[in-house]
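Please read the points alongside the model.

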Amino acid sequence: MQMHIRHETWYRYERPVKYSVQSLHLTPRRDLSQRALAWNIIAPGRRLEQIDAHGNISHLLTIEEPHREIQIVVHGVVETADIEGRQDDGPLSPLAYLSPTVLTTPNDELRAFAHQVMDGTTDPKHRAQVLADAVFDAVRYKSGASDVQDSAAVAFKSGEGVCQDHAHVYIAAARSVGMPARYVSGYIYTGNTPDGTEAASHAWVDIWLGAEIGWQSIDVTHKRPAVRTYCRLAVGRDYLDAAPVRGVRQGGGGEKMEAKVVVADSAQEQQQ
């Protein structure tokens, strides 16, 4: 299908910012399951494009003049294909996605949970789906229940979270039983529904199921393969590697961030 995407991000500051640097993962990956037919980034300052260690297209945005706000707009059309969930291997070995990170280090409770869910299940695809179902049941979706800095252990203990938390808990559990897993950021087309815009910016996981099957994408929040209606921006060990926008600044005081994402299956629907 063709996904027509527009993503606007605003940062506003109490006082002038002297200097800021933003790392952007706002360009669709060149993966087996998708290709960008058209894509454009509009932002102030200077941008340097590069391919990061995970194979993501990233931009380093530098603003050296004093500013009170930053507006970043990306828009374009991405064509996706259903390839049964299989994804590009990327430049790194799957073993690189076995090591825990600050956001995905499992505690004893998470390790016990993973082994309880996975023990006795041998089929790779079934193991991946069983774990997704179990994480969904263990961490109830609740908007605003967590912070971007919350770890998998924190989300698992609270029993509430959003798609980012589902991804982190799944990754931590999978790695604790020896299954490489990586975080995916991107967009999802939810159809012409009242909550379509709200759910359009999304996070899910890739899990490695062996050389014969490779990387498979799973949307833990919806308990299904992440295919066709998903646009992949970036992959990484956790959110910090794949965040759409991350940065540092000098000055500015308090910060307010707003974002709006629209994902449609036609240009006409996007404008409505």
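1. The model is predicted. Strand β10 (residues 201-208) and β11 run antiparallel and are joined by four bridges. Together they form a hairpin with six residues between them, and G210 in that turn has a positive phi of about 105°.

2. Strand β6 (residues 86-87) runs antiparallel to β11, with two bridges between them.

3. Strand β12 (residues 224-225) is likewise antiparallel to β11 and is joined to it by two bridges. Here D219 has R224 as its bridge partner. The hairpin of β11 and β12 has four residues between the strands, and K223 in this hairpin takes a positive phi near 55°.

4. Strand β11 (residues 215-219) is mostly covered, with five of its five residues buried. In a regular strand, side chains alternate between the two faces of the sheet. In β11, W215, S217 and D219 lie on one side and Q216 and I218 on the other, and both faces are covered.

5. Helix α4 (residues 163-176) has 14 residues and should span 20 Å at 1.5 Å a residue; its end C-alpha atoms are 20 Å apart, which agrees. The helix is mostly covered, since 13 of its 14 residues are buried. After α4 comes G178, with a positive phi near 85°.

Definitions and conventions
Residues numbered from 1 in each chain as written. Predicted model: local features only at pLDDT ≥ 70, side-chain atom pairs only at ≥ 80, totals over all residues. Heavy atoms only, no water. Expected span 1.5 Å × (residues − 1). Buried < 20%, exposed > 50% of the residue type's maximum accessible area, 1.4 Å probe, protein only. Pairing = 2+ DSSP bridges.
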